[in-house]
Amino acid sequence: MPIAYTKEQGTHEERRTFAIISHPDAGKTTLTEKLLLFGGAIREAGAVKGKKARRHATSDWMEIEKQRGISVTSTVLQFGYRNRRINILDTPGHEDFSEDTYRTLTAADSAVMLIDAAKGVEPQTIKLFEVCRMRGIPIFTFINKLDRQGKEPLALLEELEDVLGIRSCPMNWPIGMGQDFRGIYNRRDTRFERYTSRGEETSNIQADDIDSPVLRDALGPELHDQLKDEVMLLDIAGDPFDPELIAQGKLTPVFFGSAIANFGVETFLNEFIDLAPAPGVRQTDQGPVAPADKSFSGFVFKIQANMNPAHRDRVAFIRICSGKFERGISVNHVRTGKKVNLAQPQQFFGQGREIIEEAYPGDIIGIFDPGVFRIGDTICESGSFHFEKLPMFSPEHFARVSVKNTLKYKQFHKGIEQLSEEGAIQVFRQANRTEDLVLGAVGQLQFEVFEHRMKSEYGAEVELINLPYSFARWIETTQDVEKLSYDRYSNIIVKDKDERVVMLFPNEFSIRWLIDKNPGVVLHSTSFDM
Ligand code: GDP
């Protein structure tokens, strides 16, 4: 069924495109479901991406997700809420797939940072936060699981500042926690939302100000005094609400709640859609492109093969940056200089898919890809330009790969080529050993997914032998690399898919050794830095 747009949801100004960043188990799936419930996009929590849905997932490589209970793939969820059209970019939480997550963040205009109140800022959150900061996008914080005993709210704010270096501005403040959780006090509209145990309706108490007797009645003198003290402290010592600083990603508005109890989520959503930015101007090598520009443009941030075994196909996910997308539009594929007809646009909802007729800046569309697209490709209706490059990460794990049954050589090569274009794995060739290939990955688990997919999607069983390298460096030199002075026992020279020379090293010591022995040679940790 095509998505129906209401008139006021029909332009980029109404779009809010964001990703949720968090450490696994902070409650991202739960929060996403609750957000979708408010959008009326699903009727029942658990219908889209819950563990229940995962159990029914049919895609082969989702077996791995099921077995490990992690999310490997990313999907895009769109729903209408008030007069907005919201796109949630889902990202894999496991750190071995962080590369995928990083690329997905380039398609987002803002991020929601989800934090488990008991755990505070966790390692994966720190990494993802850094990427958001690099991009300068606004970050909204939701502190989750207030229905459980966690860290003190003030200590959590301090952690944001100490660990992430971001100032915070609590939009609401929790009263009690765990067994004693009473609710949240919204600072801007002096409204108290009473928390009752799971499933029951929450109630709102509108106070004129924090001293109001209705609040005192509702909370009792002790909790009311505590709330007054804490909020006064925030008023005096905390950062004031500043939309400008929020827009620059320098101040994060903080919300408290419990996703599982669906408490504080609606308040968060309402504030979020008011404060979060609409799609903005994006830079290209030919100058800025604004969403209001007439001519359609976008870039590929993800390629995914065989999303559904019933349709053995490959989908390129495109973030629209300007103009209006209409089905069948003909665009310039800038990297190859060819014209491409975007005939089969799809929008994704969980694992389902639907054909769309039109889409606007901020939207993500999936295009059936016969093998022309690569991650980072720009497409545009007129002109010829490139959006900013997508971040690449230096592989840290390496393995030699070969096909078990040589009769499957063709499938083997097709699989490797497609999976590397998808960005699932990086492929290197060793100069004098063309028959087998070296794979590079940012996380070890990528190899497991690779092995599984090669077998289930391409019918090629592979053998992987781990190699003792931990670093790849792209080499810039005017000399013949073979003539460089390097330790032939511990380093190897390979070439990437674009024939650039890369050396693999076991440790940082061996990198320094090479630099010392070969003045004038420049090393880069990704090909993008060259
Ligand atoms: P994800 O890994 O970030 O997607 O996390 P999930 O949404 O799968 O949640 C991880 C676990 O935390 C699950 O057992 C959830 O039921 C639980 N959880 C999520 N939100 C809350 C919450 O607000 N309170 C409590 N007590 N548990 C929660």
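Select residues 213–237, which form helix 7. Helix 7 has 25 residues, yet its end C-alpha atoms are only 25 Å apart, short of the 36 Å that a straight helix would reach at 1.5 Å a residue (the expected span is 1.5 Å times one less than the number of residues). Helices (H or I, at least four residues) and strands (E, at least two) are DSSP runs, numbered from the N terminus. The model is predicted: local features need pLDDT of at least 70, side-chain atom pairs count only at pLDDT 80 or more, and totals for chains, interfaces and linings use all residues. Residues are numbered from 1 along each chain as its sequence is written.

Next, select Gly220, where helix 7 has a kink of about 115°, shortly before Pro221 (the bend is the angle between axes fitted to the seven residues ending at a residue and the seven starting there).

Then select Leu215, Leu219, His224 and Leu227, the buried residues of helix 7 (buried: 20 or more other C-beta atoms within 10 Å of a residue's own, with C-beta atoms placed from the backbone; exposed: 12 or fewer; partly exposed: in between). These buried residues pack against strand 7 (172–175), strand 8 (183–186), strand 9 (191–194) and strand 10 (203–206) (contact: C-beta atoms, placed from the backbone, within 7 Å).

Move on to strand 6, residues 167–170: Ser168 and Pro170 form its covered face, Arg167 and Cys169 its uncovered one. Strand 6 runs parallel to strand 11 (residues 251–256), joined by 4 bridges (strands pair if DSSP finds at least two bridges between them). Ser168 has Thr252 of strand 11 as its bridge partner.

How values were computed. Contact = placed C-beta atoms within 7 Å.
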